[in-house]
Amino acid sequence: MYIKIGNRKERNMEILFLNPVFKEAIWGGKLLKEFGYEQATDKTGECWGISAHKSGDCTISNGEFEGKTLSWVYENHRELFGNIQDNIFPLLVKINELNGAASVQVHPDDAYAKAYCNDLGKAEFCLYLDVDDNALLVRGHTAKTKDEFRKMANNEEWDKLIVRKPLKSEDFVYTPPGVLHGGEGHILMAEVQQSSDITYRVYDYDNVDAEGNPRETHLDKALEVMDVPHKEPRVAIKEKTLGNNKVILYIDNQYFKISRYFIKDNLKIQNEQYSLCLVLSGSGSVKVSDKEDSIKMGDAFIVTSSSSDFEIKGKVEVLISEPPTRRK
């Protein structure tokens with residue numbers, strides 16, 4: 001389902017606003033609607049705000065590319081994305097909600113995904129925006145060998161096998177390929193990932209699909225790509241203050257660079273390649289060259305390589321994701 005976020009004035013190719021794609025999921029609830037997506041229903045579990053993936057390809061809502069998919073723009077106007085040679089648009093930005101328990105799962109790396117799925121691997125970053133008091137993060141496992149993992153899984157010793165940790169709002173987690181993970185509770189999260197839709201489920205909490213059938217699990221494939229024993233990645237955030245504004249750099253690695261901007265008045269931001277922007281709260285405007293557009297919570301847009309910088313004004317919080325520098 002494609003949604004337009006209001007009318008945008010005709011303009012050049014320096015900024016692309018996107019119509020999000022909403023996807024139903026068994027863990028859907030009301031958090032996405034409360035976040036500001038009026039078209040979401042109690043069955044909506046995911047909002048793909050910036051995506052060129054075939055499973056949910058966003059359309060452009062402004063300018064000469066209005067109505068075109070992001071994948072089409074990427075394929076035909078690579079100059080807007082630093083002329084990178086990647087066949088697949090590298091990143092996917094979402095707002096997801098969880099109402100209960102998602103599957104305990106793991107994702108493959110690029111080599112495995114290319115060999116077996118003709119897709120990218122899946123590294124991901126999650127920022128937890130709204131979390132209830134009893135929410136838990138599933139993170140890793142206790143098995144020392146794959147044989148031990150398989151035995152415990154076959155015996156359904158989940159409470160001994162998977163590791164659960166307390167979770168609260170404003171927490172974040174980086175999940176590289178191979179890390180077993182999941183979540184339990186009522187959770188709203190922003191997610192940035194490689195543009196991939198590959199998930200191998202290990203444990204699914206007896207969830208069923210829309211027809212009432214148990215969903216498929218993928219223990220054999222999961223064990224092929226899973227880190228055993230569990231390896232927790234190290235992440236060191238960096239914070240800085242720029243006038244009345246604050247910036248948190250969460251991560252900058254071979255997959256993505258992800259920063260969160262807390263803007264209280266206005267801030268000019270360097271656009272090293274191209275910037276994928278998701279408005280997390282508040283309202284304001286984004287100015288590129290001499291063009292200015294209003295923005296609000298839930299809006300998603302890309303500042304393309306046609307501009308070396310852009311300015312955000314107002315009281316607004318924006319999550320900005322960039323491809324790794326090596327993709328120039």
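Arg 260 is buried, with 3% relative accessible area, and its salt-bridge partner is Glu 170, with the closest N and O atoms 2.7 Å apart. Glu 170 sits in the loop between strand 11 (162-166) and strand 12 (172-175) while Arg 260 belongs to strand 17 (residues 257-263), so the pair ties together parts that are 90 residues apart in sequence. Glu 170 itself is partly exposed, at 41% relative accessible area. The model is predicted, and it holds 15 salt bridges and 18 aromatic pairs.

**Salt bridges**

- Side chains of opposite charge can pair when their charged atoms come close.
- Arg 215 and Asp 204 meet through their side chains in a salt bridge of 2.8 Å, N to O.
- Both Arg 215 and Asp 204 lie in the loop between strand 14 (200-203) and helix 6 (219-225), 11 residues apart.
- Arg 215 counts as buried because its relative accessible area of 18% falls under the 20% limit.
- Asp 204 is buried as well, at 5% relative accessibility.
- Lys 160 and Glu 157 form a salt bridge with an N to O distance of 3.9 Å, which counts because the cut-off is 4 Å.
- Lys 160 is exposed, at 57% relative accessibility, whereas Glu 157 is partly exposed, at 25%.

**Aromatic pairs**

- Among the 18 aromatic pairs is the edge-to-face pair of Tyr 74 and Phe 81, with 5.3 Å centre to centre and 65° between the planes.
- The pair counts as edge-to-face because its 65° angle is over 60 degrees.
- Tyr 74 is buried, with 2% relative accessibility, and Phe 81 is buried with a relative accessible area of 0%.
- Tyr 255 and Phe 256 form a tilted pair, 6.2 Å centre to centre with 55° between the planes.
- Tyr 255 is buried, at 13% relative accessible area, and Phe 256 is also buried, at 0%.
- Tyr 74 and Phe 81 belong to a cluster in which ring pairs also link Phe 89 and Tyr 274.

**Charges over rings**

- Arg 78 lies over the face of Tyr 74, 3.9 Å from the ring centre.
- Lys 246 places its charged end over the ring of Phe 262, at 4.8 Å from the ring's centre.

Key:
Residues are numbered from 1 along each chain as its sequence is written. This is a predicted model: local features need pLDDT of at least 70, side-chain atom pairs count only at pLDDT 80 or more; totals for chains, interfaces and linings use all residues. Side-chain values use heavy atoms; hydrogens and water are left out. Rings of Phe, Tyr and Trp (its six-membered ring) pair if their centres lie within 6.5 Å; planes under 30 degrees apart count as stacked, over 60 as edge-to-face and the rest as tilted. Buried means under 20% relative accessible area, exposed over 50%, partly exposed in between (1.4 Å probe, protein chains only). A charge sits over a ring if NZ of Lys or CZ of Arg is within 6 Å of the ring centre and within 35 degrees of the ring normal. Helices (H or I, at least four residues) and strands (E, at least two) are DSSP runs, numbered from the N terminus.
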